[in-house]
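Visitor: Could you take me through one part of this model up close? I'd like to look at the loops.

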Amino acid sequence: MYTVLALAAADQVIIPVKTELNHVRALVDTMETIKDVQESGLNARLKIWEILPTQHEVNTLHHQEALQILKHTYGELVYSEISNKTTKYNDAVTLKGDVGILDAELARFWDRITDGLLENERRREV
């Protein structure tokens with residue numbers, strides 16, 4: 001219910017998907033929920049901004065295959081950069097701080113995502 005309410009209130013959605021096959025399969029349900037929200041009249045304006053591959057393990061074949069399935073199935077919706085697996089997120093939670101303080105490259109990664117989202121929103125307003 002909270003997911004549907006959040007989607008009803010949103011203009012755009014980023015869908016994080018761990019690059020594991022069970023998470024890629026679960027994306028089908030997420031996409032169906034978004035479609036239901038759009039078609040039910042709750043939020044016909046809702047747009048998918050990007051599908052964000054997360055917790056990717058570069059040296060794991062399973063993760064490489066899941067990423068290829070994501071790209072093949074969803075094409076342009078898959079964000080061009082991948083969020084690799086790191087312990088920095090857990091460290092930030094433990095320290096109750098911003099992951100960007102712990103890792104400057106992660107800070108730039110999230111800044112690029114934010115900039116892209118804002119730019120997309122500006123284009124939609126025109």
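This is a predicted model: local features need pLDDT of at least 70, side-chain atom pairs count only at pLDDT 80 or more; totals for chains, interfaces and linings use all residues.

Guide: Let's start with a term: buried means under 20% relative accessible area, exposed means over 50%, and partly exposed is in between (1.4 Å probe, protein chains only). Residues are numbered from 1 along each chain as its sequence is written, and side-chain values use heavy atoms, with hydrogens and water left out.

Back to N43, then. You'll find N43 in the loop between α2 (21–40) and β2 (47–54); helices (H or I, at least four residues) and strands (E, at least two) are DSSP runs, numbered from the N terminus. What does N43 touch, leaving aside its neighbours within four places in sequence? Its contacts (heavy atoms within 4.5 Å) are L7, A8, A9, A10, V37 and Q38.

Q55 is partly exposed, at 35% relative accessible area. Its phi is near 50 degrees, a positive value in a residue other than glycine. Most residues other than glycine have a negative phi.

K96 also has a positive phi, near 55 degrees, and isn't glycine either. Look for K96 in the loop between α4 (88–95) and α5 (99–102). K96 counts as exposed, with 77% relative accessibility.
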